[in-house]
Amino acid sequence: MLPDDVSADNEPVSHETSSLSVPLKTRADLELDRVLHALAARCASEAGQRLALALAPLSARASVLTSLGEIDEARRLEDRGELLPRSGLPDLDEALARARVGASLSSEELLAVGKVLGAARALRKFLKTHRDAAPLLSRACDTDPALDTLATEIARCIEPDGTVADAASPRLAELRAELRSSRERIVRRLEELVARYSSVLSDSYWTERDGRYVLPVRSDAHERFPGIVHGASAAGATLFVEPRIVVSMGNRHKVLDASVRREEEIVLAQLAALVGEAATGIAAAAEALAHADLRGAQAKLAVDLRLFNPEIPEGDTRHDVVVELVRARHPILALDGVDVVPSDIAVRAGRVLVVSGPNAGGKTVALKTVGLAAVLLRLGMPVPAAEGSRVALFDLVLTDVGDDQSIAKNLSTFSAHVKNLADVLDRSHDGVLVLLDEVASGTDPREGEALATAVLESLANRGGAVACTTHYEALKLLALSDQRFVNASVGFDLETMSPTFKLMTGVPGPSSALAVARRFGIPRAVVERAESALESASASVARVVEQLATERRAVEAARDEVEQQKAALADARAELDRERERITMRDRNAAVRESDELLSGIKRAREELRAAQARLRTQKLDERAVADASKAIDKVAGKVAIGGPLEARAPSPEEEQTMSIHEIAVGMKVFVPRLRTDAEVLEVMPSGQLRVAAGPLKLVTAVGEVRRSKKGGGPKPKQADKPRASIVFDAAADPDLPLQTSDNTVDLRGLRAHEALNMAEQFLDRCVGAGRRVAFLIHGHGTGALRQTLREALKGSAYVERLRAGEPREGGDGVTVVWLR
């Protein structure tokens, strides 16, 4: 278990000697034991339950942070569906104590030790797997891996039913084998005797009596059956006789049985000695399992009661003692299944929170919620409030809640309160939280009011953080003249004559005693007489308080309306986000449909290309046919451009200007009048020609055929060429009219010779499989070594019918055009 002198980041801190404790009265007033019993009920083992019921305040802030961190880790693991391994485990305290002094252990006790060590191994493996998600738990629940050897040895020697296994020792296995053989011999002889002496036996069976093998012989015929009588039936009609012939065999069997038991005791003694040597590590493993059980139970309780880790003020808490609970809920009411109304509650050092309002409105519940939050945090547990809460570590929580009258001690209700107040005043100082329910009540109202005022002022002077409930008007008015006092009230709905249970800070609450009396049947005349009997000052105060409460309710209603509007706006925004998502999806689907249509158009364009090729192959190539084919190919080129046909536009005045070869660089934009669009310069060829790309269309053109682009721009950073559809037509160059596309082109530039040959062969194989007739291999100019090696290899390739160098507009000598078989 992680010690209290280790901080949350595993750095040692100074050890604090603390006598922190929860006073018995505080424990009883806050009903802390109910929370601890709920925690114990969620533990899987008795050891974990004992830890839960014995939780004590942690002295160091680092210890509290470590505890909260471990619980939070267990909670996150549970949220992910990866629960800490927890199960009911046996108590080893007595067995380990005996093993430490060299005493032997029974097989059941050793089996229990093995079960604990097996669970420790499983926990260690689980936390090792989740070390990143649970570093604090991994350290706190770490166990000695060397104990796995002992666990394995116990499992080898002790069967699951608690018997000593034959494998425990070679001698034991040998003796048991002899014992089984001895028994088999005896049984065979007994079965022979049963068949032979059936006339004198009362039944055809054999049995054991006091470890001896006997037959049931009729009492009137036992003299005809030689043997030793070991007993008789209840009626005396049957005698159980050990046949004389098996006596010696039975003796031998008894000796073997004793030897087996002696060898078992030796095995158990050896295992007990191993347990005694490892007793400290085994005890630590048991503690680690109990610690993990406790943390798992605390995480489950936190989920069930919606407990969260608060912010704990750093530094000297005696100057920053504060409780700020956001949406706090009383945990015990939550345990009882009550739908608790959450409230925000704040108490500060040197200040007094005065809570007023009608009876049964939730004043005492608010008080207890604050106290439980402070105590649970000191115990290292999350608090019953939402995230964003702040709770300091109080040295002590003092309470005076409930009626402590006692006939045996001769104490009235008021006397018991006064005695408790005296004890609170004696023990109060800075760093203490004081909770007083109906302070100084049960006596003359004027004197009680005066006493309550004096007590609260004294507690504020001592630096403690104080919260109290009251019906005294004088205490409600203190906040108007003394900044150390802060009013708060629980709401009351006059229409339904029922409390709202919601705490409102800054406004005192009316007790509404006369209104409640009228609502529940006190005669009207009696209530009116009571109203007239009120002193004018008291009546005035009551009216002011009632007016403030009414105004506060109006403010609360307005705030609720704003919250509803915010929620409506959030819903509307969410609906807009969903609508935008729907529109985006619709546009995406439309784009997919358009892409499908574009692909269909490309397929049709390819078919037109093939038809044009076929016509050119079968017709005589006069100038008119060449012109018609050029127009058909230009038409197809426009269709296969990505995104649709290339956009035609009129050139600007700047684009009418010609360019010299020295102004042109690779990567820059130029205007190609023939295409009526901009193109990017891919290559400036030594012959003075340019290779340009307009979308997917690539072509070779002369410098004089390009103009300065309006977009201008210098050359772009060179990128690896990605071959796209490139349509080249020169009827005079070759009668087969090779057409270059992205499907029949491979770029081998930058590869070593053997790499280029392998890639070329694979590419040609794919082209042949796809039914292509022509392939283009781009190898570049360079030194010419790659070109020469490639062409020499292609001449002997089974795929190649013939080949030639590329035409200028195909890439020149940097490209090899291959016709496939």
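Student: Where does the charged end of Arg802 sit?

Tutor: The charged end of Arg802 is placed over the ring of Trp819, 4.2 Å from its centre. A charge sits over a ring if NZ of Lys or CZ of Arg is within 6 Å of the ring centre and within 35 degrees of the ring normal. Arg75 likewise lies over the face of Phe308, at 4.7 Å from the ring centre. This is a predicted model, where local features need pLDDT of at least 70, side-chain atom pairs count only at pLDDT 80 or more, and totals for chains, interfaces and linings use all residues. Residues are numbered from 1 along each chain as its sequence is written, and side-chain values use heavy atoms, with hydrogens and water left out.

Student: What describes a pair of aromatic rings?

Tutor: The distance of the centres and the angle of the planes describe such a pair. Rings of Phe, Tyr and Trp (its six-membered ring) pair if their centres lie within 6.5 Å; planes under 30 degrees apart are stacked, over 60 edge-to-face, and the rest tilted. A search of the whole structure finds two aromatic pairs. The planes of Tyr197 and Phe225 are at 85 degrees and the ring centres 4.9 Å apart, so this pair is edge-to-face.

Student: Is Phe225 buried or exposed?

Tutor: Phe225 is buried, at 4% relative accessible area, while Tyr197 is partly exposed at 21%. Buried means under 20% relative accessible area, exposed over 50%, and partly exposed in between (1.4 Å probe, protein chains only).

Student: Which aromatic pair is tilted?

Tutor: Trp206 and Tyr213, with 5.8 Å centre to centre and 55 degrees between the planes. Trp206 is partly exposed at 24% relative accessibility; Tyr213 is buried, with a relative accessible area of 4%.
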